Amino acid sequence: MNNVHISETVLRDANQSLIATRMPFSDFESILETMDSVGYHALECWGGATFDACLRYLNEDPWERLRRIKQKVKKTPLQMLLRGQNILGYRHYPDEVVRLFVARSAANGIDIFRIFDALNDFRNIEVAVDEALKQNAHVQGAICFTTSPVHNLENFVQLGKQLEAMGCHSICIKDMAGIMGPQEAYDLVKALKATVELPLYLHTHATTGLGPITYYKAVEAGCDGIDCAISSFSNGTSQPATETLNYALKQAGYETGVDDLKLKEVNDHFKPLRNKYIESNQMNPFVMGVETDALVYQIPGGMLSNLIAQLEAQNALDRLDEVLQETPRVRQDLGYPPLVTPMSQMVGFQSVMNVLSGERYQTVASEIRAYVRGEYGRPPGEINPELMEKVLNGEKPIEGRFAETLKPQFEEAKRALKGLARSDEDVLSYLAFPQIAEKFLKERDERESTVVSYTIREG
Ligand code: CO
């Protein structure tokens, strides 16, 4: 019978989806060695929003976190989610920065790079893929799954072939919204397996309740691995539960390599943490239920809560229905981009503006302008010609790879930090999130000078 790999997401995606990535290292340090002995295919622990949240909210150096995880997790590969040419931010970086970021991530402990581009424009991941290959890491190319009149089985298969040709070691189908149905998963996995030689992984969220059945059908179609979260941090906007899928798959004769008793130990560690986060209002029980609106609106759960928050801030929650009707129209105008970061935020923000201003595109957000100019890459479909004309005003959009127009930034960033940086990693943190990294590095110096002066006084 087949093997099915299970990757654990509690440290990254579950953490991000349920508690906005607020889990400090100290909350999971003591369970890492046990997690290492479970038999997971990989531990997803870095990238996505973890980097930003460490610096912004947790007063942690994300690189230090990675090194400390690596010290305890010696056997299980560590996996990160990388946004291709965007690294972990919301804009494109020059190639030298992307290469250095990948190289330093590998040197600090990342074994598996899962790399995606929000538009599935793989020109935006080729540099990151190439560098990760050079670092002898496992390179997993990801395809963002979405539904639209311009997305079909044939497109996704073509994307899979492209990833194979780029030298990726495996492919991930990334269903960030949790809207992939079991039959869709079955057909997609079958089609990819029939044309591509590489191992295939499926990533979904339990948001709409489809997750477990979608995984099961995907495995029946030959899917090699799935992403799950330990039960106390599973379901809702997180991944389906590790224990549940492990149990169901083993019963059907699949080999997962996962030790059931160790899983219980892991869950016994995280269960009280879940209660702690609920009591401190960091985990909202709302995100843990089944939310089927995403099936109606075809937008990710996280995007829905962002729209609600934006409207609440404007005292305009009563316009939510209009915004939800506007969102697919804006997406259509933009050529049906998959609604994943940063596109989900961009489409959402423009939809809110279109509704609240009373006139569509009266104001066009600067990111949307950049998108229309081609700075994010090639959209899956056609951009609405009227919107194109309004933004470009006679100019020509960029046809090539936007990153090629960018000048190197590393040395300049290093100079700007004026000695605050102690390593290339510090400079990379600054390039990814300038203000918050600078603040973090300043405070680090202050903290440490306090410690030094204490020592002197006591001495
Ligand atoms: Co995800």
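1. Helix H6 spans residues 126-134, and its Val127, Ala128, Val129, Glu131 and Ala132 are buried. The model is a predicted one. Cover for these buried residues comes from elements including strand E3 (78-82), helix H5 (95-108), strand E4 (112-115) and strand E5 (138-144). Just after H6, Asn136 has a positive phi of about 60°.

2. The largest pocket holds about 1400 Å³ of space. Its lining counts 49 residues, and Gln16, Ser17, Gly302, Met303 and Asn306 lie nearest the centre. By type, the lining is 21 nonpolar, 19 polar and 9 charged.

3. Where does this pocket sit relative to domain 1 (5-279) and domain 2 (293-403)? Both domains give residues to the lining, so the largest pocket lies between them. Helices H1 (10-19), H3 (50-56), H13 (301-313) and H15 (343-356) each supply at least two lining residues. H13 gives the largest share, 9 residues.

4. There are 2 cavities of 30 Å³ or more. The largest cavity has about 40 Å³ of space. Phe145, Thr146, Met176, Ala177, Ile179, Gln298, Pro300, Arg331 and Leu339 line the largest cavity. They split into 6 nonpolar, 2 polar and 1 charged. Domain 1 (5-279) and domain 2 (293-403) each contribute at least three residues to this lining.

5. The second largest cavity also has about 40 Å³ of space. Its lining is Asn86, His92, Asp117, Ala118, Leu119, Pro342, Met343 and Tyr376. Of these, 5 are nonpolar, 2 polar and 1 charged. The second largest cavity lies between domain 1 (5-279) and domain 2 (293-403), because both give residues to its lining.

Definitions and conventions: Residues are numbered from 1 along each chain as its sequence is written. This is a predicted model: local features need pLDDT of at least 70, side-chain atom pairs count only at pLDDT 80 or more; totals for chains, interfaces and linings use all residues. Side-chain values use heavy atoms; hydrogens and water are left out. On a 1 Å grid over the protein atoms alone, a cavity is a set of points where a 1.4 Å probe fits but cannot get out, and a pocket is an open set with protein on both sides within 12 Å along at least five of seven lines; lining residues have an atom within 4 Å of a point. Grid points are joined across faces, edges and corners, and a volume is the space filled by probe spheres set on the points. Helices (H or I, at least four residues) and strands (E, at least two) are DSSP runs, numbered from the N terminus. Ala, Val, Leu, Ile, Met, Phe, Trp, Tyr, Cys and Pro count as nonpolar, Asp, Glu, Lys and Arg as charged, and the others, Gly among them, as polar. Domain bounds come from an automatic or database domain assignment. Buried means under 20% relative accessible area, exposed over 50%, partly exposed in between (1.4 Å probe, protein chains only). Contact means heavy atoms within 4.5 Å.
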